[in-house]
Amino acid sequence: MAWNEPGKNGQRDPWNRKRPSGKSSVDDLLNQLKNRMGRLGQGPGSILTAVLVLLVVGLLFSSYTIIGAREAGVVLRFGQYSRTLPPGFHLKLPQPIESVNKVEATRIRSVTDKVAMLTKDENIITIDFTVQYQVDDSRKYLFSLNDPDGTIGAAAEAAVRSVIGSSDMDQILSAAGASLVSQAQVALQKTLDGYDSGLRVTEVSFQNVAPPNEVKDAFDDVNNAREDKQSIENAALAYASKVVPVARGDAARIAAEASGYKAERIARAQGDSARFDLLLTQYKAAPEVTRKRLWLETMEQVMANNPKVIDGSNGRNIITLPPLQGAPAAPESGSATVGAIVPTTSPANSSSAADKGAQP
């Protein structure tokens, strides 16, 4: 017969046990365990046996630990630092021999504060700053500082005050204020290392740098004037970048022209000097011939570019030279003065007169 075959009252099993209505097999198991523990508690050594069983179970459950992925476990043996456990499953000595303190080593922590500070030029400025940090050494973090957050807040304020107190107001409010943030971070990290805190500063930022509300309007006017000054300087630089190259080009051109003119004048002067030396040598050798040749060459140059007019009355040559600037006008009557124009005679007389005038 199968054990679950319906029988009397619809319940039947191979062990002929009767189940109370409404109770499951789990309840039966708990009742059996309770009965056995009751039997174990009877007798002279029952209490000691129970204590030993509980002690063994407790030791087993305290002989391992699980460190999270973002945690570090600091193991203490009899209250003294033993080792640091990385993330994962680890075995250890049961309590109270060894205990584990878990520290969130990778979590970014932050401290924010707003303080009024005095600058180097004795101005008051309000700064909102934020410091972000994380645990770099779990052992130092647990045992070097009683209040890590409070300590880093006080150290951050001191570092910011030291940087702001050594800078002028204009430097803080200008673009150079970005360098002050890095200086404050370096000063803060140096202070924390001196405390042996086990903390590492990841970032320091100034959210709002502004003067007090009582003088905010005056500082806004100063900032507007500074911006106007900067815009005017930029416009001037743009104009200079446009004009200066042109002026430099003109200067280079003038200098080149002057250099060329200088070279020309020097070469001409040297040529005239050399020609004069040659003429001097010839003149010393034959003064009369040289003097006559020079006179003829000069007259040839003068007469070549000027018209000749012959006066028919006495046969003199009249040379018409170009009028000088500011000279009075020539007289209208036909006279023998220089520059006058008179009627010419016959070709025969003109040719004979010209031959006479050609003689020195």
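**The nonpolar patch and beyond**

Modeller: Happy to. On the surface, Val-53, Val-56, Val-57, Leu-60, Phe-61, Tyr-64, Ile-66, Phe-89 and Leu-91 make up a nonpolar patch, and together they have about 920 Å² of accessible area. Two or more of these residues come from each of helix 2 (46–61), strand 1 (64–67) and strand 4 (88–91). Helix 2 gives the largest share, five residues.

A patch takes residues with over 30% relative accessible area and no salt bridge, joining like charges within 9 Å and nonpolar side chains (Val, Leu, Ile, Met, Phe, Trp, Tyr) within 5 Å. The areas come from the Shrake-Rupley method with a 1.4 Å probe, and for residues only the protein chains shown count as cover. Helices (H or I, at least four residues) and strands (E, at least two) are DSSP runs numbered from the N terminus.

Please keep in mind that this is a predicted model, in which local features need pLDDT of at least 70, side-chain atom pairs count only at pLDDT 80 or more, and totals for chains, interfaces and linings use all residues. Residues are numbered from 1 along each chain as its sequence is written, and side-chain values use heavy atoms, with hydrogens and water left out.

Phe-89 counts as exposed because its relative accessibility is 52%; buried means under 20% relative accessible area, exposed over 50%, and partly exposed in between (1.4 Å probe, protein chains only).

Now let us go inward. Ser-138 belongs to helix 3 (residues 138–143), and with a relative accessible area of 8% Ser-138 is buried. Apart from neighbours within four places in sequence, Ser-138 is in contact (heavy atoms within 4.5 Å) with Ala-72, Val-74, Val-103 and Ala-105.

The largest nonpolar core has 31 residues, of which Phe-129, Val-131, Ile-164, Leu-188, Leu-199, Val-204 and Phe-206 touch the most other members. Helix 4 provides the largest share of this core, seven residues. Such a core is a set of buried Ala, Val, Leu, Ile, Met, Phe, Trp, Tyr and Cys residues joined through side-chain atoms within 4.5 Å. Not counting residues up to four places away in sequence, Ile-164 touches Met-117, Leu-118, Thr-119, Lys-120, Ile-125, Ile-127, Ile-172, Leu-180 and Phe-206.

Charged pairs complete the picture. The structure holds 10 salt bridges, each a side-chain nitrogen of Lys or Arg within 4 Å of a carboxyl oxygen of Asp or Glu. One of them joins the side chains of Arg-77 and Glu-98 (2.6 Å, N to O). This pair links distant parts of the chain, with Arg-77 in strand 2 (residues 71–77) and Glu-98 in strand 5 (residues 98–104), 21 residues apart. Arg-77 is partly exposed at 37% relative accessible area, whereas Glu-98 is buried at 1%. Another salt bridge brings together the side chains of Glu-264 and Arg-268 (3.1 Å, N to O); both residues lie in helix 7, four residues apart, about one turn of the helix.

A last word on confidence. The mean pLDDT (the predictor's confidence in each residue, from 0 to 100) is 75 for the protein chain, and 71% of its residues reach 70 or more. Confidence is highest in helix 7 (residues 216–285), at a mean of 89, and lowest in helix 9 (residues 347–357), at 39.
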